[in-house]
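This report walks through one protein model, beginning with a single residue and then widening the view. Please keep the sequence and the structure open beside the text as you read.

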Amino acid sequence: MAEKIKEPVRLRQKTLTNGNVSLYLAINMGSGHREYEFLRLYLIPEKTKADRVLNRETLALANSIKAQRIVDIQNGAHGFKSNIKEQTHFFEYYRALTEKRKKKDSKGNFSNWSSCLRHLCKYEPRQNITFADITPQWVQGFKDYLDNEAEAFGCDNRKRKEKRPLSQNSKQSYFNKLRACLRQAYEDGIIRQNPMRGILGFSTQEGNRQYLSLDEVKAMAATECDYPEVKRAFLFSCLTGLRRSDIEKLTWEEVTVLNGRTRLVFRQKKTGGLEYLDITPQAAALIGERGPAKPTDNVFGNLLYPSDTNDNLRIWALRAGIDKHISFHCGRHTFAVLMLTLGTDIYTVSKLLGHRELKTTQIYAKIIDEKKQAAVDNIPSIF
């Protein structure tokens, strides 16, 4: 009877308290000694078809790593320097990281990972490349592609009247996604050296944050809008600083009254942070009465699609005598500038906006500084 050969590496599973299943390798080092390698890969409860697809991809990646470890052991036993980990397929690994962000991170971050993947595929048509092919020259080539060749909307089937290069911030975002992927591969032991080392990324370009003055907000409030729900939601943003995404999902159970003041207790859609925001009586008036609405009902009705909303906002603004190219997010900028103009300290404004870092709020302080400088420049000559 043939002797059963034991696998030197076995893929095992451990159920965690949150219901996920952690995948790890049990490696037989000989003489009854085992080592364990936790892969930082997890199976999730399968509630949808997407969950099943994600789990299949995760298992495939785990089995690929297992195969690599077996060859590592074999090569080591014969005195060869192992580089089998670097034979992991780059695009499979990147896609696995992207899928993890579908539920873990915000929708925007997942979309950025997906967009970067489309640009990576356009830059590198070989879908079977491994991490051994990802050299510093390859990384620099991708950076040059983003800087000189990549186009906005160039990776989908939509036709455009004219080609537009990527914005500076898009270049930075996509290059940072590759950076994060290679950093994770290094931490996972797939690559021995990070090919990103020594290659500088793209700098951030500050955007022009359009906002309304207090008089302009008053003018819009006094002007009729073709869609009352758009008017109500936008003015609410100007008075609270809430993003469109948080206004859309605001429910009545998140509206409370504490010591005679209306307070919102909600979780930001973008960051996931829990926020406690006391609002003004005017903002509370825009919310209106709850009436027979259920706790889970939305406070604001269905808004138009973002592009339609912005088109209607511009028509409404022109009707109010305001010739500015505004969007719904302009309401958040308006709130920040109004707070700083009225003398609110920048730390408090940062907390009201739900910013994680103070430097994000400091961008608005620069706007106030420019207004002060412009005011000083208006002083007439006295000699």
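Isoleucine 346 has a relative accessibility of 25%, so it counts as partly exposed, a class that lies between buried (under 20% relative accessible area) and exposed (over 50%), with a 1.4 Å probe and protein chains only. The residue belongs to helix 12, which covers residues 346-353; helices here are DSSP runs of H or I with at least four residues, strands are runs of E with at least two, and both are numbered from the N terminus.

When neighbours within four places in sequence are set aside, isoleucine 346 is in contact (heavy atoms within 4.5 Å) with Leu340, Leu358, Thr361, Gln362 and Ala365.

## How the model is described

The model is predicted, so local features need pLDDT of at least 70 and side-chain atom pairs count only at pLDDT 80 or more, while totals for chains, interfaces and linings use all residues. Residues are numbered from 1 along each chain as its sequence is written, and side-chain values use heavy atoms, leaving out hydrogens and water.

## The whole protein

The protein contains 13 helices and six strands, and 39% of its 383 residues count as buried. Among contacts with a separation of 6 or more, 58% are between residues 24 or more positions apart.

## Two nonpolar cores

A nonpolar core is a set of buried Ala, Val, Leu, Ile, Met, Phe, Trp, Tyr and Cys residues joined through side-chain atoms within 4.5 Å. The largest one has 43 residues, and Phe90, Leu120, Phe131, Val139, Leu146 and Leu178 have the most contacts inside it. Elements giving two or more residues to this core include strand 2 (21-30), strand 3 (33-43) and helix 1 (49-77). A second, separate core of 35 residues includes Cys225, Trp252, Leu277 and Ile287.

Phenylalanine 131, apart from neighbours within four places in sequence, is in contact with residues that include Phe90, Tyr93, Leu182 and Ile191.

## Cysteines without a disulfide

How many disulfides are there, if a disulfide is a pair of cysteine sulfur atoms within 2.5 Å? The count is zero. Cysteine 116 is in no disulfide, and the nearest cysteine sulfur, in cysteine 181, is 8.5 Å away, which is too far for a bond. Cysteine 116 is buried, at a relative accessible area of 0%, and cysteine 181 is likewise buried at 0%.

Technical notes
A disulfide is a pair of cysteine sulfur atoms within 2.5 Å.
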